[in-house]
Amino acid sequence: MKVAKTNYCRFLFTIILLALNPVLSIRFPDRIASNQPLQTAVFALGSFWRSEASFGCFNGIVRTTVGYAGGSKANPEYRNLADHAECVQVEYDPRVIGFRQLLEVFWASHDSRQVFGQGPDVGNQYRSIIFASGTEESRLAAVSKEREQSKSKSSIVTTQIQQLEAFYPAEPEHQKVFLANDHLKHMIDKSLLSIYQKFELKRNPSYYN
């Protein structure tokens with residue numbers, strides 16, 4: 001019994017000493033971050049109006065911004081893109097939707113085998129590009145491209161994979177164009193039904209607000 005009391009007193013003395021001496025004390029974080037930071041991905045897949053709506057309809061997508069990337073001109077504009085492509089920047093919560101799933105949405109949302117265009121929109125600014133940030137995203141993009149190409153050998157997947165150097169937001173009048181149109185949103189939502197089912201993804205709860 002005396003030994004137990006002695007050990008207990010030593011324990012209390014040690015705790016008091018550590019509390020009073022900041023040099024000796026063990027520092028614990030005030031708060032353990034429970035929220036994983038948002039991540040950003042950029043894709044070019046034809047007209048950025050439709051592209052934005054395609055990604056914006058999924059739960060886990062926090063914010064979408066249309067803009068320009070992939071070229072050399074600084075501060076491009078809609079009427080003066082130079083060698084840039086129209087694209088969409090997607091901010092997402094990786095706890096809800098991951099980069100692999102975003103790639104699936106990318107492939108399902110356009111014809112990656114059409115050269116420099118999508119449907120009636122033809123031109124260099126409508127080319128297909130996955131903009132990667134780092135080697136892991138580049139690897140995932142390359143794997144997904146190979147998988148997409150393996151679906152058919154009759155034509156070539158034209159999608160480029162580039163490291164993102166700069167993203168330039170488009171003018172305000174080009175933001176949320178399709179997202180503001182209920183009819184167009186429903187059309188896009190229906191076209192992505194297979195993606196919902198395949199990955200058990202949910203619609204963004206604010207998509208129809």
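## A tour from a loop to the core

Start at Lys176, which sits in the loop between strand S8 (168-169) and helix H5 (182-191). Helices (H or I, at least four residues) and strands (E, at least two) are DSSP runs, numbered from the N terminus. This is a predicted model: local features need pLDDT of at least 70, side-chain atom pairs count only at pLDDT 80 or more, and totals for chains, interfaces and linings use all residues. Residues are numbered from 1 along each chain as its sequence is written, and side-chain values use heavy atoms, with hydrogens and water left out.

Most residues other than glycine have a negative phi. Lys176 is partly exposed, with a relative accessible area of 35%. Buried means under 20% relative accessible area, exposed over 50%, and partly exposed in between (1.4 Å probe, protein chains only).

Now select Asn75, in the loop between strand S2 (61-69) and S3. Its phi is near 55 degrees, again positive in a residue other than glycine. Asn75 is exposed, at a relative accessible area of 58%.

**The sheet**

Show the strands. Six of them form an open sheet, in the order S7-S6-S1-S3-S2-S8, with mixed pairing. S7 and S8 stand at the edges with a single partner strand each, so one side of each has no neighbour in the sheet. Two strands pair if DSSP finds at least two bridges between them. S2 and S8 pair in the antiparallel sense, over two bridges. Pick Tyr68 to find one of them: its bridge partner in S8 is Tyr168.

Contact means heavy atoms within 4.5 Å.

**Aromatic rings**

Rings of Phe, Tyr and Trp (its six-membered ring) pair if their centres lie within 6.5 Å; planes under 30 degrees apart count as stacked, over 60 as edge-to-face and the rest as tilted. The count comes to six aromatic pairs. Select Phe43 and Phe55: this pair is stacked, 5.0 Å centre to centre, with 10 degrees between the planes. Phe43 is in strand S1 and Phe55 in helix H2, twelve residues apart. Both are buried.

**The core**

A nonpolar core is a set of buried Ala, Val, Leu, Ile, Met, Phe, Trp, Tyr and Cys residues joined through side-chain atoms within 4.5 Å. The largest has 21 residues; Phe43, Phe55, Tyr92, Phe99, Leu102 and Ile130 have the most contacts inside it. S1, S3, H3 and H4 each supply at least two residues of this core. H3 gives the most, with six. Another core, of eight residues, lies apart from it, with Ala44, Ala69, Ala85 and Phe167 among them.

**Last stop: H4**

Select helix H4 (residues 135-150). Its buried residues include Leu140, Ala141 and Ser144. What do the buried residues of H4 pack against? Strands S1 (39-45), S3 (85-92), S6 (128-132) and S7 (160-163), and helix H3 (99-108).
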